[in-house]
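Here's a quick briefing to read alongside the model. Please keep the viewer open while you go through it.

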Amino acid sequence: MRALRENFLWGGATAANQFEGAWDVDGKGPSVSDMCTNGTNKISKKITTKIEKDTFYPSHDAIDFYHHYKEDIKLFAEMGFKVFRFSIAWTRIFPTGMEEKPNDAGLKFYENVVDECKKYNIEPLITISHYEMPYALVEKYNGWYGRECIECFERFSKAVLDRLAGKVKYFLTFNEINAGTMPMGNVLSLGTIKGYSGPISEIKDNPQIRFQALHHQFVASAKTVKYAHEHFPEVKIGNMICFITMYPYTCNPTDILMAQKEMQMKNYFCSDVQVRGYYPAYADRYFEENNIIIKKEADDDKILKEGTVDFYTFSYYMSNCIGEVNDVKKTGGNIGLGYKNPYLKESEWGWQIDPKGLRYTLNEIYDRYQIPVMIVENGLGAKDKLEEDGSIHDAYRIDYLRSHIEQMIEAVKDGVDLMGYTPWGCIDLISASTGEMAKRYGFIYVDKYDDGTGDLSRRKKDSFEWYKKVIESNGSIL
Ligand code: BG6
């Protein structure tokens with residue numbers, strides 16, 4: 001029976017816009033995330049077209065990793081991290097996305113972060129773009145709907161690779177690229193919201209625009225992979241999917257088919273393109289039935305073929321149900337929703353907790369693609385209580401992670417070639433869906449609150465020592 005690789009990549013994951021802060025420091029321009037206010041589980045966050053004077057924008061200061069990176073990486077090293085996933089803020093390198101030359105101060109910052117990781121033998125895993133398109137590209141081109149963004153992204157990704165590929169082995173192109181298959185993708189992922197100001201939940205969706213924009217992302221991603229392979233043969237470059245496992249609500253064949261269709265277009269479509277190098281046949285019918293016509297340029301299919309990824313990565317938080325049902329409640333979720341599963345519990349934010357679903361999902365993915373797989377996000381967003389003595393007892397988080405790691409190890413025994421595991425928000429950070437600070441994922445507590453107050457001090461939660469033991473024992477002590 002297989003076991004976890006000896007050099008299994010245990011670590012944690014973050015994203016620039018959710019933890020760096022310093023949103024306008026050292027030449028950085030505003031990204032689409034910088035235009036977003038905070039919300040809650042019930043109240044949608046808003047996007048504004050201008051920075052409003054008395055409005056609170058959580059990404060602007062976040063937890064200020066920009067000025068705390070040495071302290072934070074030291075804590076990750078203390079937990080024994082082998083890998084640290086972070087992203088590059090595109091607007092630190094190209095403030096509007098349209099400059100010809102990169103901003104050196106931005107590149108220098110990431111080089112410092114990489115060097116700090118290397119000091120502790122932590123392997124950086126860099127997401128080139130994680131929900132942080134330059135807002136100027138939204139205004140000028142309606143985000144990724146404009147084909148011009150491919151060239152802008154190429155300049156950005158080349159600048160990142162040229163500067164960092166000598167020191168970094170693992171890169172991902174776009175975080176959760178399949179967000180573009182769902183209306184939620186319009187905002188943070190595609191930026192197809194030119195001129196829109198208001199609640200994110202009320203954005204008018206146009207699937208034709210959305211899928212055309214997604215096509216441009218595919219081409220940009222493939223060009224980046226191709227460039228990396230040609231210039232830095234030692235670099236491995238992956239895709240990244242938000243995997244929301246869909247179960248049929250009943251064994252009614254109608255439900256089974258609905259679940260299959262949902263799995264195809266929401267979970268597999270993007271990775272079929274990025275791993276296999278061409279649009280899958282089932283997409284033709286979907287496009288025809290939804291009156292979507294993808295405009296491709298002559299070389300696009302060739303580029304997709306030449307730019308296939310080396311490994312597959314995904315986020316996993318929950319599963320959902322789908323079927324022909326009445327009177328069944330809807331679930332919460334990051335970018336996709338479904339029906340509640342009577343066998344599962346859920347988090348305070350309504351995300352269904354399904355560790356066995358992780359084993360099932362890993363098997364499905366590996367059977368389909370047969371390339372190394374990595375779980376680059378997983379975790380429980382919860383409200384933590386800071387005790388008077390400064391401790392934080394987060395047994396619920398340990399339970400969540402333990403049960404998922406157990407199932408992950410079962411999947412490896414099933415035969416899945418798993419490279420690593422980086423739980424989300426290894427240090428508390430801003431929530432992507434709600435902009436809250438109260439929805440915490442970290443092993444490290446940050447003194448920062450939803451009203452922007454807090455002294456930014458860092459404290460270890462109970463889960464910190466627990467995860468340290470898990471890593472030390474390569475998953476045998478859970
Ligand atoms: C994923 C994103 O969808 O889920 C992260 O890649 C995000 O950016 C994570 O933070 C958790 O979602 P949330 O909304 O709880 O922050």
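This is a predicted model: local features need pLDDT of at least 70, side-chain atom pairs count only at pLDDT 80 or more; totals for chains, interfaces and linings use all residues.

Residues are numbered from 1 along each chain as its sequence is written. Helices (H or I, at least four residues) and strands (E, at least two) are DSSP runs, numbered from the N terminus.

**The barrel**

- Eight strands make a closed barrel with parallel pairing, in the order β1-β3-β4-β5-β7-β9-β13-β14; two strands count as paired if DSSP finds at least two bridges between them.
- From one strand to the next, the twist averages 30°; axes are lines fitted to C-alpha atoms, for helices over the stretch in contact, and angles run from 0 to 180 degrees between N-to-C directions.
- Helix α9 (residues 253-276) packs on the sheet and touches β7 and β9 (311-315), with its direction at about 165° to that of β7. Contact here means that the C-beta atoms of two residues, placed from the backbone, lie within 7 Å.

- A residue is buried if 20 or more other C-beta atoms lie within 10 Å of its own, exposed if 12 or fewer, and partly exposed in between, with C-beta atoms placed from the backbone.
- One partner is β4 (residues 123-129), paired with β5 in the parallel sense over 4 bridges; L125 bridges to Y170, and I126 to F171.
- Another partner is β7 (residues 236-242), also parallel to β5, over 3 bridges, with K236 as the bridge partner of Y170.
- V168 sits in the loop between α6 (148-164) and β5, and is buried, with 22 other C-beta atoms within 10 Å.
- Leaving out residues up to four places away in sequence, V168 touches V114, P124 and I126.

**Helix α4**

- With 16 residues, α4 (residues 104-119) reaches 22 Å from its first C-alpha to its last, close to the 22 Å expected at 1.5 Å a residue; the expected span is 1.5 Å times one less than the number of residues.
- G106, F109, Y110, V113, V114 and C117 are its buried residues. They cover an arc of only 135° around the axis, which puts them on the same side of α4; the arc is that of the directions from the helix axis to the C-beta atoms.
- N112, D115 and K119 are exposed on the other side of α4.
- The cover over the buried residues of α4 includes α2 (65-79), β3 (83-87), α3 (90-93), β4 and α6.

**Helix α10, out in the open**

- The number of buried residues among the 9 of α10 (residues 281-289) is 0, so this helix lies largely in the open.
- Just after α10, N291 takes a positive phi of about 50°.

**The nonpolar core**

- The largest nonpolar core has 140 residues, and those with the most contacts inside it are F84, I88, F314, L362, V373, M408 and L418. Such a core is a set of buried Ala, Val, Leu, Ile, Met, Phe, Trp, Tyr and Cys residues joined through C-beta atoms within 7 Å.
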